[in-house]
Amino acid sequence: MTSKLRTHPELLEKWEDMAVFEREAFKTGFHFIAGIDEAGRGPLAGPVVAASVIFSPDFKLPGLDDSKQLTIRQRESFYEEIVNHAVAIGVGIVEPEVIDRINILQATLLAAKTAVLNMDDPADYLLIDALDLSFLKIPQKSIIKGDTLSYSIAGASVIAKVTRDRIMEMYDLQFPEYQFKRHKGYGTKEHLKRLRECGPSSIHRKTFRGVI
């Protein structure tokens, strides 16, 4: 599937560059290659969210990139296309109280594990953005800055980011005094000011510096 709106030669060339790891895995004999990425390791509030996405071998969506390189509108557009065309999607969400109990690294690994296991179709190979998920006993490759080098990981980054942003926008309705819709829980000046004025909420990570 190729979006008619994204056929610029430079985008097509970049797509081919981001398909190298997937092509290698398909040639090796794997069929269900999942990209895995997370959003929300650094914020002072809210969950960490991981996503796992499997695309078909002929999938194409030029312009797809690391979610941090996309505008909000672009992320939402790519999110819808991924949801509509992916073979399988899994999401894992680990809440702040668990993050405080087991630490952010372990919480991120738990979110990634949950995302992989939540897919309707099981993966036989994993492409992961700089995490070690060897405990899953699935062949895998960890790639530093993988969300810029693999379209499967980029797709997962979009799903994770949009999912987490929507969660934080819902929390904004529950805790309007913190302005979560604006900063999504990250430690901005505005957020730190609100923390000093109001103290931490029930979704703040109490073990993170600056919260208490």
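Hi everyone, let me start with K193, which is partly exposed at a relative accessible area of 37%. On this scale, buried means under 20% relative accessible area, exposed means over 50%, and partly exposed is in between, using a 1.4 Å probe and protein chains only. Before I go on, please keep in mind that this is a predicted model, where local features need pLDDT of at least 70 and side-chain atom pairs count only at pLDDT 80 or more, while totals for chains, interfaces and linings use all residues. Residues are numbered from 1 along each chain as its sequence is written, and side-chain values use heavy atoms, with hydrogens and water left out.

So who is the partner of K193? Its side chain meets that of E197 in a salt bridge, at 2.7 Å from N to O. By salt bridge I mean a side-chain nitrogen of Lys or Arg within 4 Å of a carboxyl oxygen of Asp or Glu. E197 is exposed, with a relative accessible area of 52%. A word on the element names: helices (H or I, at least four residues) and strands (E, at least two) are DSSP runs, numbered from the N terminus.

How many salt bridges does the structure hold? There are 12. One of them joins the side chains of E76 and R166, at 2.6 Å from N to O. E76 sits in helix α3 (residues 72-85) and R166 in helix α6, so this pair ties together parts that are 90 residues apart in sequence. E76 is partly exposed at 30% relative accessibility, and R166 is partly exposed too, with 31%.

K184 is in the loop between α7 (180-183) and α8 (189-198), so here the linked parts are 15 residues apart in sequence. K184 is buried, at 12% relative accessible area, whereas E169 is partly exposed, at 32%. Finally for this part, E16, R23 and K60 are linked in a network of salt bridges.

Now to a charged residue without such a partner. D37, in strand β1, is buried yet has no salt bridge, and the nearest side chain of opposite charge, K68, is 5.5 Å away. For charge, Lys and Arg count as positive and Asp and Glu as negative, with His and the chain ends not counted. Beyond its neighbours within four places in sequence, D37 is in contact (heavy atoms within 4.5 Å) with residues including V49, D129, D147 and I153.

Another buried residue is M119, at 7% relative accessible area, found in the loop between α5 (104-117) and β4 (125-129). Which residues does M119 contact, leaving aside its neighbours within four places in sequence? They are A34, S52, V53, I54, A88, I89 and G90. The C-alpha atoms of M119 and G90 are separated by 4.4 Å, although the two are 29 residues apart along the chain.

Let me close with the lining of the largest pocket. By class, this lining has 2 nonpolar, 3 polar and 8 charged residues. Here Ala, Val, Leu, Ile, Met, Phe, Trp, Tyr, Cys and Pro count as nonpolar, Asp, Glu, Lys and Arg as charged, and the others, Gly among them, as polar.
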